[in-house]
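Here is a short briefing on the structure shown below. It is grouped by topic for quick reading.

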Amino acid sequence: MNKKVVVVLSAVLLLAGGVLTGCGSSNANKKNSDTAALVTDGGGIDDKSFNQSAWEGLKKWGKSHDLAKGVNGYNYAQSNSDADFTPNINKLIKANYSTIFGIGYKLDNAISDAAKENPKVNFAIIDSVVKNRKNVASVTFKTEQSSFLAGVAAAETTKTNKVGFVGGVNSSLIKTFEVGFKQGVKAVNPDIKVDVKYAGSFSKADVGQSLATAMYNNGEDVIYHAAGGTGAGVFTAAKNASKSGNKVWVIGVDQDQKADGKYDGGNVTLASSVKEVGTAVKDLSNKSMKNKFPGGKTVSYDLKDKGVSLVNDNMSKSAWKSVKAYQTKIENGSIKVSAE
Amino acid sequence: MIKQRYSGLAVALCAILAGLIVGSIVMLAFGYSPVQNYINLFDGAFGDIYSIGETLRNATPLMLTGLGFSIASKAGFFNIGGSGQYLVAWFGSIVFALQFKELPGWLLIIGAIVVGSLLGGIWSWIAGVLRAYCGTSEVITTIMLNYIALYFVNFAVKNWLAAKGADSSANIVQKASLRTPWLEKLTNNSTFNWGFVIALILIILTWLYMTKTKSGFEIQAVGLNPQASKYAGINAKKTIMIAMLLSGVLAGLAGSVDGLGNYQNISVSNSLPNIGFDGMAVALLANEHPIGIIFAAILFSGLQVGGLSISVYSTTPTEIVDIVIASIIFFVGIRYLFERLITPLLAQRGVKN
């Protein structure tokens, strides 16, 4: 009796689904030759960071060419674990996307293998270099340069001569943020202490908050975070400290994080060290469209071509002037920022 | 007896059906077409030989971690440390394969698998020892060991294995890989590898061990009634440690097979791999039956691999699959409800026949 009810109910639901939506669209055979898709590295396309920035860039590209999301335009494939990289890439190849982006260094093996099997598809890898593949463009960002400017901003703003850095996972990529930041601080004032902490994760806001609270209590008044979602906790800690009268600052990362720093009575975002993954994605998609895809090459984005930058959110005029001065020096090569 | 077995299967099937229905309700509520999405999902999981290869490859670690969880569970222990055991084993196998690359291929593969799975076993055995001699809850120790594994492996990969400026180790040599051109060609360049065969063999071995050996019987006896088995002269401490060791070896084997067959290297992880937890879900759906684990793993793997197709061919977000999977587990969890519904049905049939 009861089983019957279940069967009938399910049949009704499934049928209703088909009728209501007209059984979906089946015109997938019409093919646009210039399509692009990306594969995320574990974070979703709404991670407020890296993957989101890439996806927004791709969306902008699609809209500027009147393309729709889907097999005839632009799309994403989300990886829930590292094991999803290869199936995701292959699904996109099968759906005939002409340019496929791997967002993050973790995809380099998967992209390299796929590129070998599919020489006619354009591939791009972000934050890593894939060698010996003529159809893979490698995209790197000189984040040490923008982090250097973040260091300058912190050094020009601190009143306690103590600043902090909160990293996500202690990986070589995040290390470039740390070393760039330290160099920037030291360039302004070698006596300023830089306290470096790693949360061990990009998604633990609670850890970020407890680390940052301890650091603010320790008298550090500017913290630069390169910690993705963990950084949300740094913002919470900064807002709490500022509300209770201890005015402190956060320097955001990847995107302009001004909105994240807003609280009743002010804003704790001093500046944001922006990494234009989206611009790179848009740029490469355009190049692929014009048959000028830089396959086999490494494209490096730096301060000069605005691939990385420091955005002024709440800096004082003198601090911003100093940042601008250092930026010119880095751009014309009179200051070399080391990545290690 | 037979009736009981059928009821286990029926509960699982009802849970799957109910999970899919919940998925369709959610899709309808948000204006997506369940029929089209389920067709895409099925196509993406089993639609062609490539997809089948990918689904079976993805099912391999699920089978092994599920099997590992079920052994500990049969002894009455909750081994939540599958992810950590998987990770240390993956690490161990890659280190071995990188260090001894001049060994002949077969020896290299066997060595790497043995080293990896033993590391996994030791990782879980630690929790077993603590449980046996200090009475420490294995739930807490295995969770903690997960984090130790994650941070240790990240540290080791970054400082010892990765080249300067990189976040992953070098790739293992071709002869250490579980992939072969023959299998790749057979499945149209999927990542399908020998790991699946290894997992099937292990399932048979485990089934034989649990049902036909004294030691396997002791594990089940301790799980069913610790007091009675102690009275019957079973060494409970030894049994706990054996169960946890075997559980860890199997979870570790999953890591070794994935490392050698799928990833070919190891990189700094942002978080614990989900595989240990997914394995628990597989074991629960299969009611911890070895043969059931094969099918449950293939189902979950099909949902995961096929689910990736959903967002490629439509505007529906892939997360819908997580809802389906979570609902299936939920419905397995309330199996009592289904048993109440099904048992009378089966009984009626029995009378009629």
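This is a predicted model: local features need pLDDT of at least 70, side-chain atom pairs count only at pLDDT 80 or more; totals for chains, interfaces and linings use all residues.

A:Asn122, A:Ala124 and A:Ile126 point one way from β4(A). A:Phe123 and A:Ile125 point the other way. All of them are buried.

**Strand β4(A) and its neighbours**

- β4(A) covers residues 122–126. Because 5 of its 5 residues are buried, the strand is largely enclosed by the rest of the structure.
- Strand β3(A), residues 99–102, pairs with β4(A). The pairing is parallel and has 4 bridges.
- A:Phe101 has A:Ala124 in β4(A) as its bridge partner.
- Strand β5(A), residues 136–141, also runs parallel to β4(A), and 4 bridges join the two.
- A:Phe123 has A:Val136 in β5(A) as its bridge partner.
- Helix α4(A), residues 108–117, forms a right-handed β-α-β unit with β3(A) and β4(A).
- α4(A) lies across β3, β4 and β5 of chain A. The helix runs at about 165° to β4(A).

**The parallel sheet of chain A**

- β4(A) belongs to an open sheet of 6 strands, in the order β2-β1-β3-β4-β5-β13. The pairing is parallel.
- The edges are β2 (74–77) and β13 (298–301) of chain A. Each has a single partner strand, so one side of each is left without a neighbour in the sheet.
- On average, neighbouring strands of this sheet are turned by 20° against each other, direction ignored.
- Strand β1(A), residues 36–39, runs parallel to β2(A), with 4 bridges between them.
- A:Ala36 stands opposite A:Tyr74 in β2(A).

**The mixed sheet of chain A**

- Another open sheet has 6 strands of chain A in the order β7-β6-β8-β9-β12-β14. Here the pairing is mixed.
- β7 (193–198) and β14 (308–312) of chain A stand at the edges. Each has a single partner strand, so one side of each has no neighbour in the sheet.
- Neighbouring strands in this sheet are turned by 20° against each other on average, again with direction ignored.
- A:Val222 stands opposite A:Trp249 in β9(A). A:Ile223 stands opposite A:Val250 in β9(A).
- The chain crosses from β8(A) to β9(A) through helix α8(A), residues 231–243. This β-α-β crossover is right-handed.
- β9(A) and β12(A) pair in the parallel sense over 5 bridges. A:Ile251 stands opposite A:Ala271 in β12(A).
- Because 6 of the 6 residues of β9(A) are buried, this strand is largely enclosed by the rest of the structure.

**Helices on the mixed sheet**

- Helix α5(A), residues 143–157, lies across β6 (162–167), β8, β9, β12 (269–275) and β14 of chain A. α5(A) runs at about 170° to β12(A).
- Helix α7(A), residues 205–217, packs on the sheet and touches β6, β7 and β8 of chain A. The direction of α7(A) makes about 170° with that of β6(A).

**Chain A overall**

- Chain A has 10 helices and 14 strands.
- Of its 340 residues, 58% count as buried.
- The C-alpha atoms of chain A fill a box of roughly 70 × 60 × 30 Å along the principal axes.
- Among contacts in chain A with a separation of 6 or more, 69% join residues 24 or more positions apart.

**Contact between chains A and B**

- Chain A gives 45 residues to the contact, and chain B gives 43 residues.
- On chain B, the elements that give two or more residues include α1 (2–29), α3 (49–74) and α11 (236–263).
- The largest share on the chain B side, 6 residues, comes from α13(B).
- By class, the chain B side has 18 nonpolar, 22 polar and 3 charged residues.

**Confidence**

- The model scores ipTM 0.80 and pTM 0.84.
- Chain B has a mean pLDDT of 90, and 96% of its residues reach 70 or more.
- Within chain B, confidence is lowest in α15(B), at a mean of 69. Confidence in chain B is highest in helix α4(B), residues 82–99, at 97.

How values were computed. Residues are numbered from 1 along each chain as its sequence is written. Chains are lettered from A and ligands numbered from 1 in the order in which they are written. Two residues are in contact if their C-beta atoms, placed from the backbone, lie within 7 Å. Ala, Val, Leu, Ile, Met, Phe, Trp, Tyr, Cys and Pro count as nonpolar, Asp, Glu, Lys and Arg as charged, and the others, Gly among them, as polar. A residue is buried if 20 or more other C-beta atoms lie within 10 Å of its own, exposed if 12 or fewer, and partly exposed in between; C-beta atoms are placed from the backbone. Two strands pair if DSSP finds at least two bridges between them. A crossover is right-handed if, with the strands pointing away from the viewer, the path from the first strand over the helix to the second runs clockwise. Axes are lines fitted to C-alpha atoms, for helices over the stretch in contact, and angles run from 0 to 180 degrees between N-to-C directions. pLDDT is the predictor's confidence in each residue, from 0 to 100.
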